[in-house]
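Thanks for coming. I will show one model today and go through a few places in it.

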Amino acid sequence: MSTNTSPAAPVLGDGGETAIHSERYLSVQNSEEFAKLRTALRRFVFPMTVAFFLWYALYVILSAYARGFMSVKVAGHINIALIFGLLQFVSTFLIAWFYSRYAGRTLDPVADRIRGELENGGGGR
Amino acid sequence: MRTLLAAAASNGTARTLTIILFLLFVAATLAITVWASRQTKTATDFYAGGRSFSGFQNGMAIGGDYMSAASFLGIAGMIALYGYDGFLYSIGFLVAWLVALMLVAELLRNSGKYTMADVLAFRMRQRPVRTAAAVSTITVSIFYLLAQMVGAGALVALLLGIREGTTFLGMDADTAKVATIILVGALMIIYVTVGGMKGTTYVQIVKAFLLMGGALLMTVLVLAHYKFNLSALLGDAAAASGKGEQFLGPGLRYGVEVPGDALQTFYNKVDLLSLGIALVLGTAGLPHILIRFYTVPTAKAARKSVLWAIGIIGVFYLFTLALGFGAAALVGSQAIIEQDKAGNTAAPQLAQALGTDLLGGEVGGAALLAIIAAVAFATILAVVAGLTLASSSSLAHDFYASVIKDGQATEQQEVRVARISAFVIGAVSIVLAIYAQNLNVAFLVALAFAVAASGNLPAILYSLFWPRFNTSGALWAIYGGLISAVVLVFFSPVVSGSSSAMFPNHDWQWFPLSNPGIISIPLGFLCGWIGTLLSREKNAEKYAELEVRALTGAGAH
């Protein structure tokens, strides 16, 4: 492993690939900015995954064990089971939209900045 | 008598029209494939379509890759015969995309190159991990492929109306089945070997538009018939089903309550939970879905493609709700079961009924039937092509280039092997499908999801998020999840010991559930954890590279 900061032997294969020294990955990984990005990502996706999974599990469990409740009619032939099912569609669309907004506003700018620093020198050249 | 004759004549018209439309689709897709082959020069072109697709294009292609005949015909049929439970099934298929969106798509796009194993093996010892990933990829893809091809064979006989004792072009129903399996297999081999990822992607995009168009048309016709009153449609469907209001709630197909048998009732309900978990966690571990994320230039485009996919897939399942209940109300379960016990012809039969009522008599019925039947064929072709591509990519890139050649293969060698692999996998699938054509293999789709959720997903998530994860953990997760899912299903009632089993005349069943997920998924995660702790291997540098690349896109291919 060489000790200078110039890129190691480039592993350019099929293009698009930038050789970045592994030590620089370690230093980026340990940087405060990257830690913030990691936290920002995990703080959103982990709780949201747990939430939609529990919400879906609740729906399946009610479908299995609370059939009386699910069959209660709300309007005409439309019952709670149908509304609950349609709500799963609504929640899926909403979470997807919410995530993309969060990622675009909060994650992308930080990720782009770190990538820019890594790929365009940032002390390397 | 006259109506019977007219029906027979219109069936003949529909059959001819179906074949014409199908041939048009085949001709168009073959032309695209040949065009795509001229644009396919590098390995990146072959495996990842040159990473040149937009988020929207890839979103449509994901929809085309994902919405199989099992979704279109199967879910519509399940709703038509069992009501609400078919809808319940489709919801798992949709919600699953949130796992792919938030946890997998972008990180995989940033850190991988061509296959699922690129991410799994990133910081591990290449050979064992890539071998495991290839084994799992090929197992999942072949299970899925077999279910689609056997289904295709049965469908063609039904859609072309070849019944027992009648012939078509000199073929009886069984010969027509075999001929269809061979035709579908040959076409998928051509799409993949000639067109690579580019050709396959365009086939899937075209299919997605056809499928959405066909489903939209029928949905509008069904709703128009009921003056856009959903409650009236549901009421009619419930009345025609002969099961009354029960038809509109859960419990006719999944989690069935068996009077006087508390144990079986318990198993049935746990089985429903088990299925639900596998559906939601399986999607993000399906190799043919994962490799689609490599066809776009950036992680942002990968995110956009999943958003489009969620949109198109969600809307499609809402359409199937109308189609299924529409078929129950307007065709009736009696008429559907007469054609196919599993209800797979409910959607085409609904098309015929709608066309006859709303679009101008017998000719209208024949025309709409033909359109929907041709869409169903297109659906099958696009899905099997995606599966063949995923397994041949893994065989060439993971097994040949990394395991056999130890990373020393040239691009040209790799792509040549990928093409040969596609041919071999296609040929093997044709033979297996012909052998299995009279077996009930519908469970293989659920099994593919279970294996993907039990083996692939734990390995992917640990790889991306757990610094300590290592080679031993990856092997334990993949093999542990894969083997437990397959073994449990082998001893389950879908393989033996019940009248609807794959081998109804044998009985080695001891595992009570049809869906192994509730056991095998936690087991896969547990295996990955134990396996990791059993080994001291830890590569902090490589994990730093993986994590930084995955989260920022630095150095992405």
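I start with one side chain position at the boundary between the chains. Beyond its neighbours within four places in sequence, F93(A) is in contact with I310(B) and G314(B). F93(A) sits in helix α4 of chain A. Is F93(A) buried, exposed or partly exposed? F93(A) counts as partly exposed, because it has 16 C-beta neighbours inside 10 Å. Please keep in mind throughout that this is a predicted model.

Now the contact as a whole. Chain A puts 51 residues into it, and chain B puts in 47 residues. On the side of chain A that touches chain B, the elements giving two or more residues are α1 (22-29), α2 (32-65), α3 (67-70), β2 (78-79) and α4 (80-119). Which of them gives the most? That is α4(A), with 18 residues. By class, this side of chain A has 30 nonpolar, 14 polar and seven charged residues.

Next, chain B in overall terms. Chain B has 21 helices and zero strands. Its C-alpha atoms fill a box of roughly 80 × 60 × 45 Å along the principal axes. Of the 557 residues in chain B, 66% count as buried. If you take the contacts in chain B with a separation of 6 or more, 80% of them come from residues 24 or more positions apart.

One helix as an example: α19 of chain B, residues 471-490. From its first C-alpha to its last, this helix of 20 residues reaches 28 Å, close to the 28 Å expected at 1.5 Å a residue. How much of α19(B) is covered? Mostly covered is the answer, with 15 of its 20 residues buried.

K227(B) lies in the loop between α9 (173-225) and α10 of chain B. K227(B) has a positive phi of about 50 degrees, although it is not a glycine. K227(B) counts as exposed because it has 8 C-beta neighbours inside 10 Å. F228(B) is also placed in the loop between α9 and α10 of chain B. The phi of F228(B) is positive too, about 60 degrees, and again F228(B) is not a glycine. Why does F228(B) count as exposed? Because F228(B) has 11 other C-beta atoms within 10 Å, and the cut-off for exposed is 12 or fewer.

L234(B) is found in helix α10 of chain B, which covers residues 230-241. L234(B) is buried, because 25 other C-beta atoms lie within 10 Å; the cut-off for buried is 20 or more. What does L234(B) touch, leaving aside its neighbours within four places in sequence? The contacts are H77(A) and I78(A) from chain A, plus L248(B) and F325(B) from chain B. There is also a C-alpha distance to note: L234(B) and A322(B) are 88 residues apart along the chain, and their C-alpha atoms are separated by 9.1 Å.

To go back over two positions: F93(A) is partly exposed and belongs to chain A, while L234(B) is buried and belongs to chain B. F93(A) has contacts with residues of chain B, and L234(B) has contacts with residues of both chains. That is what I have for today.

Technical notes: Residues are numbered from 1 along each chain as its sequence is written. Chains are lettered from A and ligands numbered from 1 in the order in which they are written. This is a predicted model: local features need pLDDT of at least 70, side-chain atom pairs count only at pLDDT 80 or more; totals for chains, interfaces and linings use all residues. Helices (H or I, at least four residues) and strands (E, at least two) are DSSP runs, numbered from the N terminus. Two residues are in contact if their C-beta atoms, placed from the backbone, lie within 7 Å. The expected span of a helix is 1.5 Å times one less than its number of residues. Ala, Val, Leu, Ile, Met, Phe, Trp, Tyr, Cys and Pro count as nonpolar, Asp, Glu, Lys and Arg as charged, and the others, Gly among them, as polar.
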